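Hi everyone, thanks for coming. Please have a look at the structure on the screen, and then I'll walk you through a few parts of it.

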Amino acid sequence: MPLKWVFNWQPNAGSTVNSQILNEVSQCVESMNGVKEGRWKATLTFYKPMLRDQALAAEFPREFIGISLPEQPNKYYFILRGNKIVLEADSSIQLIMEKLQSYKSRVALNFEGFQYQLGDFQLRVGKVVPTHSENLRGIVMEVEYLPISSLEKSKQIMDEFVEIWQEAVSKRSLPGHFMHIEPNFSEYGLADHYTSQHTAVQYAHVMGHLIATVQAVQAGRN
Amino acid sequence: MLQQQQHQHHLQSAVAAAPLPSSSSTTTTPPSSIAGEAPPKQVAQAMDRLGQAARLIANIRLGADRLLEALFVAAQPHQSSKPLHLFRQEDESMRQHLQDLRTVGKQLEESGVLNESLRSRSNSWGLHMPLVCPDGAVVAYAWKRQLAGQAGASAVDRTRLALKAFTDQKRRFFPHLNDEEDGESTDNVSKKHRNLPAQAEDNQDILSDRKTLSDLLTNMEKDVPNLKVLTYERLDWLKRASSLPDSANDNIMEALKHNFHSSRILRSAPQNVVSMDKIAVIELFFPSVFRAVVSLHPAGSTDPDSVAFFSPDEGGSYMHSRGSSVYHVFRQITEHATVALQYFLGIRSKTALHYLLHWICSYQTLFTKVCNKCGRLLAMDRQSALILPPVHRPYQTFSASKVLSSQDQSSNAPVAYHIGCFSDDA
């Protein structure tokens, strides 16, 4: 399937995300001849084990993440970042987990926004909000290059697209920038040919950065 | 001289004013009073008129041929007024044919053959008016679904024949033209004649040992690493295309593909042999970069007649040498490749396939080679408002030996341009 880079909004030191930034970014995409196509939504859930004996909690991985992606409505993805494990399961696994009462959702986040078509590129810009609130926690962007699926072959293309993008965005003097750090896919057992599992891993890493950013802001405040 | 120009003008306007009946029915005229006639007679009349139309179209095609021939003869030195006479004759008969065609077309429109206005309220006899498919195939009894399938298959054949006819005409009367329809510039023609002998020697030296299709393809595989060359009979290609992308369909692929090496090795086992004279489709596959489809006509020859580029992950029955990729980048390359093919056929017709295949291989750097003019990989193409890599690789100065000798990034590497960057230069 076509390859994709997921970007995380990194606010400048001392500033936070707000919806104005999201609007500006969307306008920027449209100024590059992007055609708005529709909405998209992904969800990410942190699970914690339901244990009778809380002392056993230390034996379980600290971060157990479940992700649903719009392009795979019948699948659900699990990631253990510490153990570098990614798993693709049927979407009914959520029901099973609920019935078994094995894991419970600790925090759930939605990534949602609009999707744009720029020729052979597809862009998604989205806000990060907890499921039952409108509190904006972050902004993510997906850039997908549709014609090919090889991460290696597309690296130059994507780098140059990012340059073009940064040029377009810098004119708006926004307090921050989009950041992409490619996870080490081979550690997760993933190959050069792109799949939705790659996307799930990228989102898990984006969450890591988001949390780190929020914690840094909080530490700065205290 | 003046009269020649006048006749040229007439020719142009005659050709320009020749709509085929199937494309002229944009307005739906309410059917006039044909209700008085019994349905079988309506159908019979419609079939009759369709036959007339087909004959008129054939006459028009012949007339166009004759006009072009007269033009050609007129271009030769020391001619009498014979070509002018031919012109006038053909001009008159063409106009008459076109007029007759318009009349028949109107009649057909009125009787509801070219649009579907009558089909829904078709008469109680259970008869439907014949349906003319956009490609010109006539389905007499629309309720027979298999005929609709035949119409679809015939569309491919008809298009191929039409394209061959045009290509032959162009090759015969305008052998040295690329995009500019420069009929009267004899200077250009003589200049290119002078270049040809040098190129012919060039060809013979390098290519004297690559005459047959079999040799050509074997050498391709040897010379270009990363390339997979596969060959097919025409119908087999259709099956293969529908089974792509082949991550889930390896079994079908194994049964159908005639991988070039294996077909030579298995020559002794008769049931697996693909005879060279049936090969009609060549697939050039650079994994993760692109897949190119080249069609040969006639099968088994070294005469390419069309080429198209696709994504390595694309699949479907629309993937053939006259098809179009769903991705912009590959659509642009296909357009460019079609022009390059015409160039190779015109200038180096004996070795066109060799040049075409090697030129196609120069696209293996599609996603890595920056544009020679602006130094970037991606650029926003102003005309189409799309961000594209350099899809233009020059073919006029293309030399097959360059591809063979260089794997490095030296100045011998093939050049590439963005669409906008190239046209600025030229």
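Let's start with one term: a residue counts as buried when its relative accessible area is under 20%, as exposed when that value is over 50%, and as partly exposed in between. Please also keep in mind that this is a predicted model.

Is Arg124(A) buried or exposed? Arg124(A) has a relative accessible area of 8%, so this residue is buried. Its partner is Glu71(A): the two form a salt bridge, and their closest N and O atoms are 3.0 Å apart. Glu71(A) has a relative accessibility of 24%, so it counts as partly exposed.

Where do these two partners sit in the chain? Glu71(A) is in the loop between strand E3 (64-68) and strand E4 (75-80) of chain A, while Arg124(A) belongs to strand E7, residues 121-130 of that chain. The pair therefore ties together parts that are 53 residues apart in sequence.

Lys155(A) and Asp159(A) form a salt bridge, with 3.0 Å between the closest N and O atoms. Both residues lie in helix H3 of chain A, residues 151-170, and because they are four residues apart, about one helical turn separates them. Lys155(A) is partly exposed at 44% relative accessible area, and Asp159(A) is partly exposed as well, at 31%.

Helix H3 of chain A also takes us across to the other chain. Glu163(A) and Arg376(B) meet through their side chains in a salt bridge, at 3.1 Å from N to O. This pair crosses between chains: Glu163(A) is in helix H3 of chain A, and Arg376(B) is in the loop between helix H12 (352-361) and strand E8 (379-381) of chain B. Glu163(A) has a relative accessible area of 44%, so it is partly exposed. Arg376(B) is partly exposed too, with 29%. By the rule used here, the count over all chains comes to 18 salt bridges, and between chain B and chain A the count is two.

That brings us to the interface. How many residues of each chain take part in the contact? On the chain B side there are 22 residues, and they are in contact with 20 residues of chain A. The size of an interface is often given as the accessible area lost when the parts come together. Here, the area buried between chain B and chain A is about 1,800 Å², and carbon and sulfur atoms give 60% of that. In chain B, the residues that lose the most area to chain A are Phe367(B), Leu378(B) and Ile387(B), together 33% of what that side buries.

There are polar links as well: eight residue pairs are in polar contact between chain B and chain A, with both residues at pLDDT 80 or more. On the side of chain B that touches chain A, the elements giving two or more residues are helix H11 (328-347) and strand E9 (386-388) of chain B. The residues on that side divide into 16 nonpolar, four polar and two charged.

Next, let's look inside. The largest nonpolar core has 108 residues, and those touching the most other members include Phe121(A), Trp165(A), Phe309(B) and Trp359(B). Which element gives the most to this core? The answer is H11(B), with 10 residues. As for Phe309(B), its contacts beyond four places in sequence include Phe290(B), Phe330(B), Ile333(B), Ile360(B) and Tyr363(B).

One more residue in chain A is worth a stop. Pro49(A) is in strand E2, residues 35-49 of chain A. Its relative accessibility is 19%, so it counts as buried. Leaving out residues up to four places away in sequence, Pro49(A) touches Phe60(A), Ser102(A) and Tyr103(A). Pro49(A) and Arg62(A) are 13 residues apart in sequence, and their C-alpha atoms are 9.7 Å apart.

Of the 426 residues in chain B, 42% are buried. Taking the contacts in chain B between residues at least 6 apart in sequence, 63% join residues at least 24 apart.

Technical notes:
Residues are numbered from 1 along each chain as its sequence is written. Chains are lettered from A and ligands numbered from 1 in the order in which they are written. This is a predicted model: local features need pLDDT of at least 70, side-chain atom pairs count only at pLDDT 80 or more; totals for chains, interfaces and linings use all residues. Side-chain values use heavy atoms; hydrogens and water are left out. Contact means heavy atoms within 4.5 Å. Buried area is the accessible area (1.4 Å probe) that two parts lose on being put together, summed over both. A salt bridge is a side-chain nitrogen of Lys or Arg within 4 Å of a carboxyl oxygen of Asp or Glu. A polar contact is a pair of N or O atoms within 3.5 Å; within protein, one must be able to donate a hydrogen and the other to accept it, and residues adjacent in sequence count only if both atoms are side-chain atoms. Ala, Val, Leu, Ile, Met, Phe, Trp, Tyr, Cys and Pro count as nonpolar, Asp, Glu, Lys and Arg as charged, and the others, Gly among them, as polar. A nonpolar core is a set of buried Ala, Val, Leu, Ile, Met, Phe, Trp, Tyr and Cys residues joined through side-chain atoms within 4.5 Å. Buried means under 20% relative accessible area, exposed over 50%, partly exposed in between (1.4 Å probe, protein chains only).
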